[in-house]
Amino acid sequence: MSKPKLAVYWAASCGGCDIAILDIEEKILDVADFFDVVFWPCAFDFKYDDVRRMADKEITLTLFNGSIRNTENYEIAKLLREKSVVLCAFGSCASEGCIPGLANLHDRQSIFEYVYKDSPSVDNEQDVVPQSRTPVEEGVLTIPEMWDTVHTLGQVVDVDYMIPGCPPQSDQIIAVVSTIIDILKNGKELPPKGSILGATDKSCCDECSRKRDVKKIKKFVRPFEIIPDPDICLMEQGIICMGPATRAGCGAKCVSAGVPCRGCYGKTSNVRDQGAKMATAIASVIDSIDPDEIQAIVDSIPDLIGTCYRFSLPDSMLRRVQV
Amino acid sequence: MSFEPKIIGFLCNWCSYTGADLAGTARMKYPANLRAIRVMCSGRIEAGFILDAFRNGADAVLICGCHIGDCHYSEGNHKCLRRLPVIKKLVEQFGIDPERVRLEWVSASEGDRFRKIVTEYTEQIRKLGPLTLRDLDFEPPPEVEHDEVKPKEEVCHV
Ligand code: SF4
Ligand code: SF4
Ligand code: SF4
Ligand code: FES
């Protein structure tokens, strides 16, 4: 009997999710043993045409990491959707937009201006910026066209499951992969469409062992400004911690290492907008009823949108900044 | 056609909604631009409500609650007071004029004050113009043909 086929793809991603898959150690052998890997640009030399030649739904499982910000990302997302029985958004980029999604604070032109012209380390006297079409003697050279707005995978194609995290933690990847192998091997039923795999629906605070009491803050501080008490909730110490607005699943990794949660596991299912949820949580720890003092405390947060939406701007209700 | 702003009003049940009701029963005239939504307390209003209103086409959001000291749940409006600067800062960073969010305290007997606020705010938003938000939904780009351009004698700097 032929093996079920597996594809792994990276769109607008950092490569970390691919590494996270390789990072499951000897479990990767089970994956290679059970699946026939038919496409995985980071690890094997397959071409897009290999995928184009496949029959529809020929791939059993596709783990798709990276967000969608150019024509190539979009084209391959559509292609893999067509060819896959199960398409899984893998990691925060595919699920919520993540760090590449912070491009939604700007647009293509301002990003190009900075990256190719204004950035202090750039020397570009001829003002060369990438062109999606360049006519040369032999014909027209094309490269993918970058868009103004970064999208999540689920916004551009139909997605079956989501595995959150930047990147998903290896123990969670192992758990998910083992479950999927068990399901396919033994003809069990797949989880309902739309399920979140490799996480729970509680908040990161639920997994955090720090002691919580009353949160009363007169000034927010950044992590390098104080040496935080190792046992007390970081929010109570004035460090903005995304725990209350973030789905549990990582085992509260960052908070147990003394740094605040940045929110990479995304929002819980009862929340529509992770940043808005966090904005409300921030307001609730402010210790004042004097409008001027409240304003001053709020002004002590250097980058509210970047803090609240570090991993989820494209998934927010407003999707992007109006520029 | 002149621009008629759509303003979503979140009015607390115990004071402001009653105040608005009073304006109504006293047959005071104010612009019909306000769509009132009754909430139990101004402390119920979350940042998400405001973003959601904008997403769904509101040009502005007016939040009204009991005066400080008068909240039916004693401190709900303190919550609202603390949330507003956070919400406004967020809205501003989203590139939306923070004037499009406004908080006012209106008691049950202040029907006339409510009328004045709504009238004045409607004019203010009318001057600001409609709020248009881009890329709220993904629109597939037009398919590109790959080779329709004939080679030209242009130099490409690499
Ligand atoms: S989710 Fe994080 S680790 Fe994965 S590709 Fe995106 S930025 Fe990299
Ligand atoms: S806010 Fe952060 S530090 Fe506090 S309990 Fe939640 S996860 Fe832990
Ligand atoms: S603590 Fe927060 S930021 Fe850190 S891994 Fe967990 S969800 Fe991600
Ligand atoms: S009941 Fe009116 S503000 Fe709380």
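Student: Which residue forms a salt bridge with B:Arg134?
Tutor: That's A:Asp148, with the closest N and O atoms 2.9 Å apart. Keep in mind that this is a predicted model.

Student: How many salt bridges are there across the interface of chain A and chain B?
Tutor: The rule finds three salt bridges there. It also picks up 14 residue pairs in polar contact across that interface, both residues being at pLDDT 80 or more.

Student: And which parts of chain A touch chain B?
Tutor: Several elements give at least two residues each, among them helix H4 (71-83), strand E6 (133-136), strand E7 (139-142) and helix H11 (274-284). Helix H12 (291-299) and H13 are on that list too.

Student: What's that side made of, by class?
Tutor: On chain A it has 24 nonpolar, 13 polar and eleven charged residues.

Student: How much area do chain A and chain B bury between them?
Tutor: About 4,000 Å², with 63% of it on carbon and sulfur atoms. The contact takes 48 residues from chain A and 38 residues from chain B.

Student: Is A:Gln322 buried or exposed?
Tutor: Its relative accessibility is 15%, so A:Gln322 counts as buried. The cut-off for buried is under 20%.

Student: What is A:Gln322 in contact with?
Tutor: Setting aside its neighbours within four places in sequence, A:Gln322 is in contact with B:Phe94, B:Gly95, B:Ile96, B:Thr132, B:Leu133 and B:Arg134.

Student: OK, new topic. What are the domains of chain A?
Tutor: The domain assignment gives domain 1 (5-99 + 149-186), domain 2 (107-147) and domain 3 (204-315).

Student: How far apart are the centres of domain 1 and domain 3 of chain A?
Tutor: 31 Å, taken over C-alpha atoms. Their contact takes 16 residues from domain 1 of chain A and 14 residues from domain 3 of chain A.

Student: What area is buried between those two domains?
Tutor: About 1,100 Å² between domain 1 and domain 3 of chain A, and carbon and sulfur atoms give 53% of that. A:Glu96, A:Pro164 and A:Gln169 supply 43% of the area that domain 1 of chain A buries against domain 3 of chain A, more than any other three residues.

Student: Which side chain does A:Glu96 meet in a salt bridge?
Tutor: The side chain of A:Arg247, at 4.0 Å, N to O. The count between domain 1 and domain 3 of chain A is one salt bridge, alongside six residue pairs in polar contact, both at pLDDT 80 or more.

Student: Last one: why is helix H2 of chain B largely enclosed by the rest of the structure?
Tutor: Because seven of the nine residues of helix H2 (residues 47-55) of chain B are buried. Those buried residues include B:Ile50, B:Leu51 and B:Phe54.

Student: What covers the buried residues of H2(B)?
Tutor: The cover includes H11 of chain A, together with strand E1 (7-12), strand E3 (60-65), helix H3 (76-93) and strand E4 (101-105) of chain B. Just after H2(B), have a look at B:Gly57, which takes a positive phi of about 105 degrees.

Methods: Residues are numbered from 1 along each chain as its sequence is written. Chains are lettered from A and ligands numbered from 1 in the order in which they are written. This is a predicted model: local features need pLDDT of at least 70, side-chain atom pairs count only at pLDDT 80 or more; totals for chains, interfaces and linings use all residues. Side-chain values use heavy atoms; hydrogens and water are left out. Domain bounds come from an automatic or database domain assignment. Contact means heavy atoms within 4.5 Å. Buried area is the accessible area (1.4 Å probe) that two parts lose on being put together, summed over both. A polar contact is a pair of N or O atoms within 3.5 Å; within protein, one must be able to donate a hydrogen and the other to accept it, and residues adjacent in sequence count only if both atoms are side-chain atoms. Buried means under 20% relative accessible area, exposed over 50%, partly exposed in between (1.4 Å probe, protein chains only). Helices (H or I, at least four residues) and strands (E, at least two) are DSSP runs, numbered from the N terminus. Ala, Val, Leu, Ile, Met, Phe, Trp, Tyr, Cys and Pro count as nonpolar, Asp, Glu, Lys and Arg as charged, and the others, Gly among them, as polar.
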